[in-house]
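Colleague: I've got the sequence and a model open on my screen. Could you walk me through it?

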Amino acid sequence: MPTHEQKLHIARVVSLIASTLISLAAGTNYVYSAYAPQLAERLNLSATESNMIGLFGNLGMYLTGIPSGMLIDSRGPRPSLIIAAVTLFFGYFPMHLAMVNGEGYLEVWSLCFFALLTGIGSCCGFGAALKMAAVNWPKHRGTATAIPLAAFGLSAFVFSSLSSWLFPGNTESFLLVLAVATSSIVLLLFPFCRQVPVSTGYGSVPSSDPDEDGLYRTKSNENHSGRFDDDEPGTSTPRQDPRHSRSPSSPIPNDEPRPRSPNERTSLFSRSSTNEDSSTHDKLAQRTGRGRRDSSGAILDGCSDLVHRLDIRGWELMKSIDFWLLFIMIGALTGVGLMTINNIGHNAQVLWSEYDPTKSPEYVQKRQGMHVSILSIGSFTGRMVSGISSDLLLRLYNLPRLYLILLSSFLFFIAVLLAILITSPLYLFWVSSLNGLAYGMLFGVSPTIVSEAFGVNGLSTNWGAMTISCVIAGNVLNLLYGRVFDGNSQLGEEGRKVCLKGNGCYRGAYWGSLVVTGLGAMVAVVMLGRMRRLQELGVRRRSVG
């Protein structure tokens with residue numbers, strides 16, 4: 001008979017597998033560029049209208065973050081998964097009908113609404129999957145969250161490859177596959193999705209504070225009843241009030257280790273911590289239930305227990321300078337990535353039209369699908385590498401995860417520069433591969449940074465707030481692309497707008513995204529400098545003490 005701990009471990013593994021597959025279904029929002037040119041041609045849409053549809057998919061994906069996050073944090077993952085299954089089906093299926101019936105069947109704003117539903121479904125499914133991974137694996141959070149994050153990035157490749165194999169050149173059937181497969185995956189895995197109790201509870205520090213340099217923890221057998229309860233960790237309703245698990249005057253048993261120096265689960269800004277800071281933080285945390293912040297709002301201390309106890313969200317989050325720095329940095333770099341993700345199909349189409357006009361539409365469509373697959377594989381690789389390597393950077397070299405975002409901004413800069421310079425479709429794969437790698441690296445580590453800076457219990461809500469920046473930057477850059485593209489287009493046969501300038505159709509939009517990339521990189525450098533100053537402050541405090 002498996003022990004209780006073995007049962008918990010099996011439940012965590014099963015939930016991680018379910019999270020990964022759900023993320024695979026939720027990531028189909030990024031496959032839009034694989035069918036966007038064909039949808040625009042079939043329905044006689046301009047580049048701006050086509051980008052508007054993609055933008056509403058992004059709006060649904062990112063603006064739903066806060067409400068879906070609040071739902072997940074308070075009720076667990078399952079209600080959000082039901083919403084995901086319903087909205088994914090009713091988002092993709094009307095698009096399938098529009099492709100079948102052709103021009104005039106649906107207005108542009110109707111298509112935007114259905115794209116919005118697909119984005120909502122992606123957000124709800126992915127948010128639930130990410131929260132399960134983050135809460136169920138507290139000692140390996142970077143690696144555990146990297147797996148569903150990587151699956152989310154690989155989704156476009158899996159579904160576009162499946163469609164090319166089963167229905168080559170048939171966009172109508174592709175959209176039908178998206179409608180049925182994504183909703184079915186979420187519904188079938190629904191019973192296996194839960195937040196599993198951690199083996200060691202995280203109790204609050206008693207007010208008497210008899211030993212100031214450590215965090216009080218309860219024994220696992222005092223905090224868990226030996227069965228699965230309805231209340232799950234990471235929700236707003238605790239399983240058991242930890243204050244009742246031990247009297248305030250009770251000493252900590254010798255066999256219960258106390259938290260040491262920051263490890264791989266340490267808060268983003270903990271490098272400046274000292275023992276004195278930790279004890280001060282514990283006193284404040286027991287009174288307020290929140291992490292200590294300096295005058296600028298930075299989280300200055302954190303450990304594996306503290307990440308569970310931190311709960312900075314709402315107005316407290318809005319007051320944090322670090323939140324706004326992360327908000328600008330993530331939003332700017334995400335917008336750059338989304339512009340290429342949503343428009344790589346248009347890039348390929350106009351480059352092939354100039355390079356070899358004799359190529360058939362079927363051939364060009366396969367090349368578009370190839371670039372979507374390259375983006376997806378690059379995103380998958382970036383998410384896996386950044387999630388795992390961020391843990392290693394902290395564990396082995398005591399380096400902050402933020403260095404990976406700086407590397408991501410460098411890769412974005414190279415990708416955008418190549419998009420400006422490349423005029424042959426034979427070399428466009430450099431743009432799609434580097435953009436996908438940079439985008440995956442950004443999103444592979446960002447949720448972990450947010451969870452460790454502001455607490456894991458409010459991760460879904462806080463990450464939802466953070467992704468609002470993605471909507472702003474993504475909308476601006478995608479609309480810029482559409483305006484530049486339409487400005488270089490002319491009326492062709494049958495009154496349809498076409499652009500025959502190759503790279504010149506979109507080059508101006510990439511000059512704009514190059515500026516935004518520089519902004520994201522600059523903020524990353526500012527945050528690293530900010531952390532270094534906090535480290536130096538900690539060293540001076542130690543020398544004085």
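Colleague: Among contacts with a separation of 6 or more, what share comes from residues 24 or more positions apart?
Modeller: Here we look at contacts in the protein with a separation of 6 or more. Residues 24 or more positions apart account for a share of 81%.

Colleague: Which element has the lowest mean pLDDT?
Modeller: Overall, the protein averages a pLDDT of 75, and 75% of the residues score at least 70. Helix α15 (residues 402-421) has the highest mean among the elements, at 93. At the other end, with a mean of 38, sits helix α9 (residues 220-223).

Colleague: And over which residues is the pLDDT below 50?
Modeller: Where pLDDT is low, the predicted coordinates should not be read in detail. The stretch in question does have 236 contacts in the model beyond near neighbours in sequence, but its pLDDT is below 50 over residues 201-307.

Colleague: On to packing: are α2 and α14 roughly parallel or roughly antiparallel to each other?
Modeller: Helix α14 covers residues 361-397, and its axis is 8 Å from that of α2, at an angle of about 155 degrees. Angles over 145 degrees count as roughly antiparallel. The two helices are therefore roughly antiparallel.

Colleague: Which residues of α14 make that contact?
Modeller: By class, the contact of α2 with α14 has three nonpolar, four polar and no charged residues. From α2 come Ser-33, Ala-34, Pro-37 and Gln-38. On the α14 side, the contact is made by Gln-365, Gln-368 and Val-372.

Colleague: How many nonpolar residues are in the contact of α13 with α17?
Modeller: Helix α13 (residues 321-355) and helix α17 (residues 459-466) pack at about 55 degrees, with axes 9 Å apart, and that makes α13 oblique to α17. Phe-323, Leu-326, Phe-327 and Ile-330 in α13 meet Trp-463, Ala-465 and Met-466 in α17. The contact has no polar and no charged residues, and its nonpolar count is seven.

Colleague: What about Arg-383: buried or exposed?
Modeller: Arg-383 lies in helix α14. Among the residues it touches, beyond those up to four places away in sequence, are Tyr-30, Phe-152, Tyr-439 and Phe-443. With a relative accessible area of 0%, Arg-383 is buried.

Colleague: How far apart are the C-alpha atoms of Glu-354 and Thr-423?
Modeller: Glu-354 is found in helix α13 and, at 41% relative accessibility, counts as partly exposed. Leaving out residues up to four places away in sequence, Glu-354 touches Thr-423, Lys-501, Gly-502 and Asn-503. Glu-354 and Thr-423 are 69 residues apart along the chain, and their C-alpha atoms are separated by 9.0 Å.

Colleague: Last one: what is the phi of Asn-44?
Modeller: Asn-44 is found in the loop between α2 (32-43) and α3 (47-63). At 29% relative accessibility, Asn-44 counts as partly exposed. Although Asn-44 is not a glycine, it has a positive phi of about 55 degrees.

How values were computed
Residues are numbered from 1 along each chain as its sequence is written. This is a predicted model: local features need pLDDT of at least 70, side-chain atom pairs count only at pLDDT 80 or more; totals for chains, interfaces and linings use all residues. Side-chain values use heavy atoms; hydrogens and water are left out. Axes are lines fitted to C-alpha atoms, for helices over the stretch in contact, and angles run from 0 to 180 degrees between N-to-C directions. Helices (H or I, at least four residues) and strands (E, at least two) are DSSP runs, numbered from the N terminus. Angles under 35 degrees count as roughly parallel, over 145 as roughly antiparallel, 65 to 115 as roughly perpendicular and the rest as oblique. Contact means heavy atoms within 4.5 Å. Ala, Val, Leu, Ile, Met, Phe, Trp, Tyr, Cys and Pro count as nonpolar, Asp, Glu, Lys and Arg as charged, and the others, Gly among them, as polar. pLDDT is the predictor's confidence in each residue, from 0 to 100. Buried means under 20% relative accessible area, exposed over 50%, partly exposed in between (1.4 Å probe, protein chains only).
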